[in-house]
Amino acid sequence: MKISFTKPGLPETGVLVVMGFDGGTLSESAHAIDEVTGGALSRAAKVAKFKGKLGEMVSVLAPSGCKLESIVLIGIGKPEKLDLLGAEKIGGTIYMSLSAKQPRTVSIAFDAVEGGEGRVWEHAAHIANGALLRSFRFDKYRTKEEADQKPSIRALKILTSSGGRARKAFDVLEKVAEGIFLTRNLVSEPANILYPDSFAQTCLELTELGIEVDVLSESDMQKLNMGALLGVGQGSERESKMVIMRWNGLQGKGRKAKTTQIAFVGKGVTFDTGGISIKPAAGMEDMKWDMGGAGAVTGLMKALAGRKANVNVVGVIGLVENMPDGRAQRPGDVVTSMSGQTIEVINTDAEGRLVLADALTYTQKEYEPKTLINLATLTGAILVSLGNERAGVFANNEELANRLKECGDETGEKTWPFPMDNEYDELIKSQIADMKNVGGRFGGSITAAKFLERFIEKETTWAHIDIAGMAWSTKDTPTVPKGGTGYGVRLLDRLVAKYYEG
Ligand code: BES
Ligand code: ZN
Ligand code: ZN
């Protein structure tokens, strides 16, 4: 889809989208086209009892008096209430409902909305962004679908008086969308295609954007004593990997050039059978997206490098496949992590925390980041707590948790903070080792977080985001088609932009 911003003025051909406001009143462009068509639009609005609610739509096909294919009236609610997420919802809704018919050109006449959150050009950019985000499709394995069956819009034009500024704002949003699409693609790939080595190869392609990428092999990780991560991958034919991605946006920009301000760590279990503590068959296919945390970190790195963020950031992902096998790790095994701490593996299905333990230690030892955030599809329990609406945040620092809450609300990738009392830590004490990898039936997401906290150094400001309920969606929304959501990229891109850049 080619997206452009052009001057207001009614187009002669294609589909024209115009705005209607709360109460059913029409925008200037809507009035103009209504006149050209002899009142066809206002009659249609009346018949459809159009109220102008955000996302409400009415169409007039092949209207007389002009050569347009159709006119679409879309509600934007109360103009002064329209925020940037609302603008994205409009763009996404338009894409969703028009793309099936594959129109060549869709022009959206975005008449100035004064007094709303953001400015006209920002709204215009976000309308385009909403359409772009909704246009994602993972269709590479559909060999029977002809090109002319795929929903698409060839060209999208946003008609606005502040096109230049809108374009500039959109250019940045587009880079972030490219990161989100990388994450969605990674999360959607099946595990016979995406496994630790092929995942690492994809990361290596990011060097084109100026990201430095290192890949650790199993023998590298053995030398670093990463017994926790290696134990998880032990039953797999696929070699485990760790990938380190660095974006040095401050290079050549003075004093701070050498420090890593923020680091991101992701759980990358490319398939989680549960191992010897094997999962039930029903729904096990979902465990191809147990690398959602690693996928988000990778997409985030792409977004930050793409928009040339003024920050030094490192992304580290632990890549393993958790399989049952003659050589697989057994329940009851004791492993020694890179930190030197020993872990009794009670349940081989609680593998994500084992992978993260070594990735967290490595990241802190190697880069000493002030702030460290990890993402993981860590527990089924987080779905019991929060469903598919918010990710759980577990932090050793209230300010960081608050920032994640705020950035979540602003981007629509919402989070909710959880308690981290020390009493929960009691539950993971082991009789024979420093800790065990499960804490019993209750408070499962918190005991998992307390486990991770044992690998965080005192000076590190840290948050763990449990995205098990967010990485995958079974329903379409205006800006996120069902499937891999790319959750985490927008949230953390915003966090970096707001608090860590410059
Ligand atoms: N990958 C799963 C968590 C998960 C569940 C992600 C559902 C996405 C959707 C994780 O490795 C796991 O199996 N966790 C166990 C932990 C338990 C054994 C303590 C769980 O949540 O049941
Ligand atoms: Zn598991
Ligand atoms: Zn898992």
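Guide: Let us begin with a helix. In helix 3, the buried residues are L84, G86, A87, E88, I90, G91, G92, T93, I94, Y95 and L98. Buried means under 20% relative accessible area, exposed over 50%, and partly exposed in between, with a 1.4 Å probe and protein chains only. Helices (H or I, at least four residues) and strands (E, at least two) are DSSP runs, numbered from the N terminus.

Guide: A word on the source: this is a predicted model, in which local features need pLDDT of at least 70 and side-chain atom pairs count only at pLDDT 80 or more, while totals for chains, interfaces and linings use all residues. Residues are numbered from 1 along each chain as its sequence is written, chains are lettered from A and ligands numbered from 1 in the order in which they are written, and side-chain values use heavy atoms, with hydrogens and water left out.

Visitor: Why is helix 3 described as largely enclosed by the rest of the structure?

Guide: Eleven of its 15 residues are buried, so helix 3 is largely enclosed. Those buried residues pack against strands 2, 3, 4 and 5 and against helices 4 and 15; contact means heavy atoms within 4.5 Å.

Visitor: Is I71 buried or exposed?

Guide: I71 counts as buried because its relative accessibility is 0%. This residue belongs to strand 4, residues 70-75. Leaving aside neighbours within four places in sequence, I71 is in contact with residues including L16, V18, I33 and V58. I71 and V18 are 53 residues apart in sequence, yet 7.5 Å apart in space, C-alpha to C-alpha.

Visitor: Which residues come nearest to ligand 1?

Guide: A residue is near a molecule if one of its heavy atoms lies within 4 Å of it. Of the 17 residues around ligand 1, the nearest are K279, D290, D349, E351 and G380. A polar side-chain atom of K279 is 2.8 Å from an oxygen atom of the ligand, and one of D290 is 2.8 Å from a nitrogen atom of ligand 1.

Visitor: Which side chain does that of S277 join in a polar contact?

Guide: A polar contact is a pair of N or O atoms within 3.5 Å; within protein, one must be able to donate a hydrogen and the other to accept it, and residues adjacent in sequence count only if both atoms are side-chain atoms. The side chains of S277 and N347 are joined by such a contact, of 3.3 Å. S277 lies in the loop between strand 9 and helix 9.
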